[in-house]
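Work through the following exercises with the sequence and the coordinates at hand, and try each task before reading its solution.

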Amino acid sequence: MLGSIFAGIADGFLLFLIASGLTLIFGVMRILNFSHGGYFMLGAYFAYQVVTSAGFSPLPLGFFIVAVLIGSVGVGAVGIATERLLFRRIYELSDIASLLGTFGLLLLIEGIAEVIWGINPMSVPFPTLVDKSVKVVGVRVATYSIVLIGVGILVGIGLWYLLRRTAFGERARAVAEDRYMCELVGMNTAAVSTAVFAIGTMLAGLGGALATPLVALTPDVATAFIIEAFAVVIVGGLGSISGSLIAALVFGVVDSLAITYVPSLSGVSFFILMFVVLLVRPQGLVKNARAFA
Amino acid sequence: MLARLRSRRDSASLAGLLGPIALIVVAVLVVPSLASGATMFLYELVLIQILMATSTNFLFGRSHMPSLGQAAFFGTGAYTVALVYDVVPIPAALLLAIAVSAVVAFVIAAVSVRTDGLVFANVTLALGQGMYLLAVKTNWVGSENGIPGISAGSLGANGVWYLVGGCVIAALVVCWVIYHSPFGLTLYAIREDPIRLEFLGVNVAIYRMVSFTIAGAGAGLAGGLFAYASGIVTPNTMYWTQSGYPILMILVGGMGFFWGPAIGAIGVTLLLNELSGNPGWNLIILGLVLIGVLLFAPRGLLGLWVDARAWLRRGSARRPLPAHSP
């Protein structure tokens, strides 16, 4: 019981990495980004590429960290390029048209990944030092779960600090509240958008790179993960980072318990939970949050 | 605006129904003497996708209910036929497919119409994907492998073709009548201004639920026909990206026109078939088509055609009409 709750929390933090990026981008650009799953998948492939090109046989933890960072930053760079080239034009469409536009981009990214890496599943081994399990308060937990939880907490604190305690965060929140007003007072809102998009996609890349030891890596990881991330941001309340954190942890734990006790519901539990929450609270857990609360 | 109204009036005249239907009838009669085997299956897919896209357009062009879960109803219809094909005759199986998907759509509508816009899109997406996962995990529908060996009994290859053709034509006529009926026009009014219609005493939620149910029933019939045409049903028919294809077809053809989705369905299905030998590239080209249509031709091919005609009539002095954003 405790063990699967622990594993669920780790999964939840991994989901949070994707969902928080989605939330950031939704908050500032008012766009729900299907292609986020594509950036997640690219992050995983970038890390895979770095790891296999070096060919270490137990994979050293230090090198894995390098691979994860390269994956994350590389995806951020791709994110900046797509924002400049494509998203600029998509922002002006209606919300549904822009959603479909990002769906087009998702297909595009998935197709490119299929051309480059093929559709055979790839895998990355657990890096040394975190490939075992340890006893914590009497339950066996995988050390990699502890890594995921640690990274998730760091990202959560980092986002809070960035948005609440820095000048950049203040600008991002201002644009999220009222982009038009920000433009009137002379703020470079386009630059803020690009920066927020870069951070969001880096988080997706980070999540993807960290997920490599856990998933069989194929291009359709992109379409599989984005649905769960969407469920998280909708249930959390669109635009709320704390809401998406709560929802991600709840989803992670519930699904992990489902895997242990009702295997037939693993994966489906997401959608049942979403169904129930939206019946009770159509607006999500955290309603009408001030920007990113 | 004017051109939009005019184009609607044009398509609402009986000629707007009979012309395209006559074309499809001729095509259905001619194809068996020209094609066979795999080509025949491709044309069956085209017909099925025409029905799928047209019924989905109840949600996009008629109501403002951007569902991303229509594949779930297509799959429901397909699985229904797969489960009953050897115990009941074909018409009963297809009616059952329509009924079961309509019921499922109604239940999903009851929850999802409480939401709007992006949240609605996500709720339908998630519920549809939930049904996909259920299909993958349920043993009595064959889990990942689905249900193979569905046969249409004594109907031969040509018989299945006429079955698909006949059903699609009948369903298109029904769709057209509903689309242009007072009910359909009320949906259109709700799409444009739901609050005003609410004040006029229209029960907006009921209209939206019925619209969703009709679209689900249409998708269910398309799925049932697909089961007979392909002989196998797998969970992949319900995967969420399959819900994206009818939307792509609607956008390519033009969602503001009754026949737009049909034109898009023909184009996209044939394109997908051309690209099927190039894994990866098929997705790349679909993605580019979708982005290109949204950015450069938001009213689709028929919209371009209407603009071009208006432009030719007026001369080049004036700009084309502003795009009708979906």
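**Exercise 1.** Determine how many residues of chain A are in contact with how many residues of chain B, and which element of chain A gives the most to that side.

*Solution.* Counting two residues as in contact if their C-beta atoms, placed from the backbone, lie within 7 Å, one finds 35 residues of chain A against 39 of chain B. The elements of chain A that supply two or more residues are α4 (95-117), α9 (221-236) and α11 (268-280), where helices are DSSP runs of H or I with at least four residues and strands are runs of E with at least two, numbered from the N terminus. With 16 residues, α4(A) gives the most.

This is a predicted model, in which local features need pLDDT of at least 70 and side-chain atom pairs count only at pLDDT 80 or more, while totals for chains, interfaces and linings use all residues. Residues are numbered from 1 along each chain as its sequence is written, and chains are lettered from A and ligands numbered from 1 in the order in which they are written.

**Exercise 2.** Describe how α11(A) packs with helix α6 of chain B.

*Solution.* Helix α6(B) spans residues 117-137, and the two helices pack at about 145° with their axes 8 Å apart; axes are lines fitted to C-alpha atoms over the stretch in contact, and angles run from 0 to 180 degrees between N-to-C directions. Next, list the partners: Phe271(A) and Met274(A) are among the residues of α11(A) that meet α6(B), whose side includes Leu127(B) and Lys137(B).
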